[in-house]
Amino acid sequence: MELDLAGAELKAVLNRLRRAQGQIAGVIRMIEEGRDCEEVVTQLAAASRALDRAGFAIIATGLQRCVADMESGRSTGEDAEQMRARLEKLFLSLA
C-alpha cells in the first residue's frame with residue numbers, strides 16, 4: 001500500500017512528526033540535565049501521542065482510499081479483503 005496523502009493531509013502528518021521529533025529532543029535534553037522524572041514522562045507521553053496521531057492519520061487515508069476503490073469498482077472482493085486485513089494489522093500495531 002503506497003502512501004498517497006493530499007497536500008493538506010501530508011502537511012498535517014509532517015507537522016505532527018516534527019512536533020514529536022522536537023518533543024523527543026526535549027526529552028533527551030531533560031534526561032541529560034537531570035530534570036524531574038514527572039516532567040520527563042509528561043514530555044515523553046506527549047511525543048508518543050503525536051506519533052500515534054500521525055500514524056492514525058496515515059491509516060485513515062488508507063481506509064479512505066480503500067473505500068473509494070471499492071465504490072468505484074476498482075477493487076475486487078479479494079483485493080478488498082486483503083486491504084482490510086492489512087489496514088487492520090497496521091491499526092493494531094498502533095494500539
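Me: Before we start, what should I keep in mind about the numbering and the model?
Reply: Residues are numbered from 1 along each chain as its sequence is written, and side-chain values use heavy atoms, with hydrogens and water left out. This is a predicted model, where local features need pLDDT of at least 70 and side-chain atom pairs count only at pLDDT 80 or more, while totals for chains, interfaces and linings use all residues.

Me: How do you know how many helices and strands the chain has?
Reply: Helices are DSSP runs of H or I with at least four residues, strands are runs of E with at least two, and both are numbered from the N terminus. The chain has 3 helices and 0 strands, in the order α-α-α from the N terminus on.

Me: What makes the span of helix α1 close to the expected one?
Reply: The expected span is 1.5 Å times one less than the number of residues. Helix α1 (residues 7-32) has 26 residues, and its 37 Å from first C-alpha to last is close to the expected 38 Å. Just after α1, Gly34 takes a positive phi of about 70°.

Me: Why is Gln23 called buried?
Reply: Buried means under 20% relative accessible area, exposed means over 50%, and partly exposed is in between (1.4 Å probe, protein chains only). Gln23 has 14% relative accessibility, so Gln23 counts as buried. This residue lies in helix α1, whose buried residues also include Val13, Ala20 and Met30. Over the 95 residues of the chain, 21% count as buried.

Me: Which residues does Gln23 touch?
Reply: Contact means heavy atoms within 4.5 Å. Leaving out residues up to four places away in sequence, Gln23 touches Gln43, Ala46, Ala47 and Ala50. For the chain, 69% of the contacts with a separation of 6 or more are between residues 24 or more positions apart.

Me: Why is Leu90 called partly exposed?
Reply: Leu90 has a relative accessible area of 37%, so the label is partly exposed. Leu90 sits in helix α3 (residues 77-94).

Me: What makes Glu39 and Arg35 a salt bridge?
Reply: A salt bridge is a side-chain nitrogen of Lys or Arg within 4 Å of a carboxyl oxygen of Asp or Glu. The closest N and O atoms of Glu39 and Arg35 are 3.0 Å apart, and those of Arg35 and Glu33 are 3.5 Å apart. The whole structure has 2 salt bridges, and Glu33, Arg35 and Glu39 are linked in a network.

Me: Why is Glu33 called exposed, and why is Arg35 called partly exposed?
Reply: Glu33 has 55% relative accessibility, so Glu33 counts as exposed. Arg35 has 41%, so Arg35 counts as partly exposed.

Me: What makes the nonpolar patch on the surface?
Reply: Patches are made of residues with over 30% relative accessible area and no salt bridge; like charges are joined within 9 Å, and nonpolar side chains (Val, Leu, Ile, Met, Phe, Trp, Tyr) within 5 Å. Here Leu10, Leu14, Leu17, Ile24, Ile28 and Leu51 form one with about 440 Å² of accessible area together. Areas come from the Shrake-Rupley method with a 1.4 Å probe, and for residues only the protein chains shown count as cover. Helix α1 gives the most to the patch, with 5 residues. Leu10, at 36% relative accessibility, counts as partly exposed.
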